[in-house]
Amino acid sequence: LMLWFDSLDWKLVLRTSASLQYMHYISGAWVGPSTPSISKPTGQSNWTWIQSGYGYAFLMNDGTSWAMPMDGGAGPSGAYNLYLVLSHDNGVTWGATTSDVIAVAPNGFPTGEVMFQAVGNNTIIGFGRVNPFDPSGCISPCGPLWYMVSTNNGSSWTIESSSLSYNPNY
């Protein structure tokens with residue numbers, strides 16, 4: 001069992017993490033809080049992980065590694081740079097090497113509110129909330145959810161609009 005938390009400085013134009021922390025539950029007790037030491041994504045020399053996403057950690061298809069959606073650094077126009085960060089020791093450490101940082105949408109994604117699930121046969125699926133600042137003038141999350149799928153355990157991704165609509169007025 002893991003608990004991630006982050007405090008952000010929302011006064012700045014670009015979100016900045018003040019404190020990305022996590023705790024894990026082992027043998028009947030909470031351990032932490034700890035500041036994770038997560039590798040920078042490949043090709044990034046200046047990088048700050050800024051939040052743990054709104055999804056939950058999930059067991060990868062290998063049955064032993066855990067993955068957590070995370071983002072970092074501001075992408076184009078303040079978009080999120082979306083990654084899955086792996087743990088091979090039940091959440092004690094995260095993203096120990098660059099191979100433990102899987103790029104999902106490294107060049108910007110409209111939201112950090114995503115969830116993923118490994119569904120077997122090397123396939124990972126995910127859904128993301130629709131961008132609340134839609135150019136059509138929608139000021140609430142509206143329209144279909146984003147759908148993400150990888151059939152090779154995260155080596156490549158297809159990201160598209162789904163037919164699942166989100167209605168904030170229910």
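Biologist: Where does Asn90 sit?
Modeller: This is a predicted model. Asn90 has a phi near 60 degrees, a positive value in a residue other than glycine. Asn90 belongs to the loop between β7 and β8.

Biologist: Is Asn90 buried or exposed?
Modeller: Exposed means over 50% relative accessible area. Asn90 has a relative accessible area of 56%. Asn90 therefore counts as exposed.

Biologist: Which loop holds Asn121?
Modeller: Phi is positive at Asn121 too, near 50 degrees, and this residue is not glycine. With a relative accessible area of 71%, Asn121 is exposed. Asn121 lies in the loop between β9 and β10.

Biologist: Where is Pro33 placed?
Modeller: The peptide bond leading from Gly32 to Pro33 is cis. Its omega is near 10 degrees. Pro33 is part of strand β3, residues 29–34.

Biologist: How many helices and strands does the protein have?
Modeller: Along the sequence the pattern reads β-β-β-β-β-β-β-β-β-β-β-β. The count comes to zero helices and twelve strands.

Biologist: How many residues of β7 are buried?
Modeller: Take the faces of β7 in turn. On one side, Tyr80, Leu82, Leu84 and Leu86 are buried. On the other, Asn81, Tyr83, Val85 and Ser87 are buried as well. The rest of the structure largely encloses β7, because the buried count is eight of the eight residues.

Biologist: What is the bridge partner of Tyr80 in β8?
Modeller: β7 and β8 pair in the antiparallel sense. Five bridges join these two strands. In β8, Tyr80 is bridged to Phe109.

Biologist: Which element gives the most to the largest nonpolar core?
Modeller: The largest nonpolar core holds 16 residues. Two or more of its residues come from each of β7 (80–87), β8 (101–109) and β9 (114–120). The top contributor, with four residues, is β8.

Biologist: Which residues have the most contacts inside the largest nonpolar core?
Modeller: In soluble globular proteins, nonpolar side chains tend to be buried together. Here the largest such core has 16 residues. Those with the most contacts inside it are Phe58, Leu82, Leu84, Phe116, Met148 and Trp157.

Biologist: Which residues does Leu82 contact, leaving aside neighbours within four places in sequence?
Modeller: Leu82 is on one buried side of β7. Its contacts include Met70, Asp71, Ile102, Ala103, Val104 and Ala105. The list also takes in Pro106, Phe109, Val114, Phe116 and Met148.

Biologist: How many aromatic pairs does a search of the whole structure find?
Modeller: One group of rings forms a cluster, with ring pairs linking Phe58, Phe116 and Trp157. Over the whole structure, the number of aromatic pairs is four.

Biologist: Is the pair of Tyr25 and Trp30 stacked or edge-to-face?
Modeller: Tyr25 is partly exposed at 37% relative accessibility, and Trp30 is partly exposed at 40%. The ring centres of Tyr25 and Trp30 are 5.2 Å apart. Planes over 60 degrees apart count as edge-to-face. The angle here is 65 degrees, and the pair is edge-to-face.

Biologist: What class of pair do Phe127 and Tyr147 form?
Modeller: The centres of the two rings are 5.4 Å apart. Their planes stand at 45 degrees, so the pair of Phe127 and Tyr147 is tilted.

Biologist: How many residues apart in sequence are the parts that Phe127 and Tyr147 tie together?
Modeller: Phe127 is partly exposed at 23% relative accessibility, and Tyr147 is partly exposed with 23%. Phe127 lies in strand β10 (residues 123–128) and Tyr147 in strand β11 (residues 143–150). The separation in sequence is therefore 20 residues.

Biologist: Is Thr123 buried or exposed?
Modeller: Thr123 is in strand β10. Beyond residues up to four places away, Thr123 touches Asn61, Gln117, Ala118, Val149, Ser150, Thr151 and Asn153. Its relative accessible area is 14%, so Thr123 is buried.

Terms used
Residues numbered from 1 in each chain as written. Predicted model: local features only at pLDDT ≥ 70, side-chain atom pairs only at ≥ 80, totals over all residues. Heavy atoms only, no water. Core = buried A, V, L, I, M, F, W, Y, C linked by side-chain atoms within 4.5 Å. Buried < 20%, exposed > 50% of the residue type's maximum accessible area, 1.4 Å probe, protein only. Contact = heavy atoms within 4.5 Å. Phe/Tyr/Trp six-rings, centres within 6.5 Å; stacked < 30°, edge-to-face > 60°. Pairing = 2+ DSSP bridges.
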